[in-house]
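Subject: Structure handover and findings

Hello,

Here is the structure I said I would pass on. Please open it alongside this message; my notes follow below.

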Amino acid sequence: MSIWEYANPVKFMRASGAVLPWVAGGAALCTALGLVWGFLTPQDYRQGATVKIIFLHVPAALMAINAWLMMLVASLIWLVRRHHVSALAAKAAAPVGAVMTLIALVTGAIWGQPMWGTWWEWDPRLTSFLILFLFYLGYMALWAAIEDPDSAADLTGVLCLVGSVFALLSRYAVNFWNQGLHQGASLSLAPGERMSPVYKYPLYVSMLGFFLLFLALMLVRTRTEIRRRRLAALLARENRA
């Protein structure tokens with residue numbers, strides 16, 4: 001069995017319809033468990049209760065970046081192989097990624113105010129994240145502005161390639177510019193304990209929940225886009241008849 005079989009809309013609809021209830025159920029369970037478990041953790045000795053924002057901020061920020069990278073992969077598949085499902089999946093993921101980016105920006109401001117004494121700072125990671133959010137808005141606006149879906153997929157695919165620079169900067173800005181106020185990665189494969197297990201494990205659960213939530217919403221929206229495309233094709237056929 002090849003993964004390219006699921007580029008066929010009929011097979012994609014059948015497979016996604018089978019897995020969607022499980023993904024949605026896992027998303028609801030893990031997100032609720034991770035957030036409730038996280039907010040019941042003890043206060044940090046330096047940051048106090050504000051540290052609990054991490055269980056919402058970090059998963060949202062992680063998915064904001066990875067959603068754009070998923071859109072990049074789907075756009076490349078469209079540009080190279082011309083599979084319509086991949087273009088529609090990229091289109092479907094954009095609003096979800098934009099909301100995740102907005103959540104990360106708002107919770108970051110709420111977290112930063114007591115830590116830095118300001119709601120906003122032109123820190124490299126914060127600035128690149130804001131630009132990424134603007135790219136999300138531009139991507140969705142470009143899809144809405146172009147009537148021909150194939151032309152829209154081509155142009156938004158190119159825009160996605162350009163925006164990927166800021167997605168990567170959002171992830172690695174702290175490593176590039178040491179003078180930024182934003183802390184380094186909370187979780188890392190590098191040696192040394194960066195986070196106490198009392199915070200780490202509920203954060204893992206919350207991150208899994210946000211990943212499954214993104215996947216569920218992306219599948220729902222992709223299925224909607226496929227149905228919308230089918231309806232447009234049927235209406236066009238009736239008008240020609």
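A salt bridge here is a side-chain nitrogen of Lys or Arg within 4 Å of a carboxyl oxygen of Asp or Glu. The model is a predicted one, in which local features need pLDDT of at least 70 and side-chain atom pairs count only at pLDDT 80 or more, while totals for chains, interfaces and linings use all residues. Residues are numbered from 1 along each chain as its sequence is written, and side-chain values use heavy atoms, with hydrogens and water left out.

Overall layout

The chain has six helices and zero strands. Both are DSSP runs numbered from the N terminus: helices are H or I with at least four residues, strands are E with at least two. Read from the N terminus, the order of elements is α-α-α-α-α-α. Of the 241 residues in the chain, 43% are buried. Buried means under 20% relative accessible area, exposed over 50%, and partly exposed in between, with a 1.4 Å probe and protein chains only.

The UniProt record, an unreviewed entry, annotates "transmembrane region" at residues 20–40, 60–80, 92–114, 126–146, 153–174 and 201–220. UniProt positions are in the numbering used here, feature names are shortened, and annotations may be inferred rather than shown by experiment. In the model, residues 20–40 are 95% helix and 0% strand, with the end C-alpha atoms 30 Å apart. Residues 201–220 are 100% helix and 0% strand, and there the end C-alpha atoms lie 29 Å apart.

Salt bridges

Side chains of opposite charge can pair when their charged atoms come close. With the cut-off above, the count is four salt bridges.

Arginine 82 and aspartate 154 form one of them, at 2.8 Å from N to O. Arginine 82 is in the loop between H2 and helix H3 (84–116) and aspartate 154 is in helix H5 (residues 149–176), so this pair ties together parts 72 residues apart in sequence. Arginine 82 is partly exposed because its relative accessibility is 38%; aspartate 154, at 25%, also counts as partly exposed.

Glutamate 225 and lysine 91 form another, at 3.2 Å from N to O. This pair links distant parts of the chain, with glutamate 225 in helix H6 and lysine 91 in helix H3, 134 residues apart. Glutamate 225 has 5% relative accessibility and so counts as buried, whereas lysine 91, at 22%, counts as partly exposed.

Arginine 229 and aspartate 150 also meet in a salt bridge, at 3.4 Å from N to O. Here arginine 229 in helix H6 is linked to aspartate 150 in helix H5, and the two are 79 residues apart. Arginine 229 is partly exposed with a relative accessible area of 29%, and aspartate 150 is partly exposed at 27%. Salt bridges that share partners also join Lys91, Glu225 and Arg228 into one network.

Aromatic residues

Rings of Phe, Tyr and Trp (its six-membered ring) pair if their centres lie within 6.5 Å; planes under 30 degrees apart count as stacked, over 60 as edge-to-face and the rest as tilted. That gives five aromatic pairs. In one of these, phenylalanine 55 and tyrosine 199 have ring centres 6.5 Å apart and planes at 35°, so the pair is tilted. Phenylalanine 55 lies in helix H2 (residues 54–81) and tyrosine 199 in helix H6 (residues 197–240), so the pair ties together parts that are 144 residues apart in sequence. Phenylalanine 55 and tyrosine 199 are both buried.

Trp68, Phe135, Tyr136 and Tyr139 make up one aromatic cluster. Arginine 82 also lies over the face of tryptophan 78, 4.1 Å from the ring centre; a charge sits over a ring if NZ of Lys or CZ of Arg is within 6 Å of the ring centre and within 35 degrees of the ring normal.

Phenylalanine 210 is in helix H6 and is buried, with a relative accessible area of 4%.

Helix H3

H3 has 33 residues and reaches 46 Å from its first C-alpha to its last, close to the expected 48 Å. The expected span is 1.5 Å times one less than the number of residues. H3 bends by about 30° at alanine 94, with proline 95 following within four residues; the bend is the angle between axes fitted to the seven residues ending at a residue and the seven starting there. Glycine 117 follows H3 and has a positive phi, near 80°.

Regards
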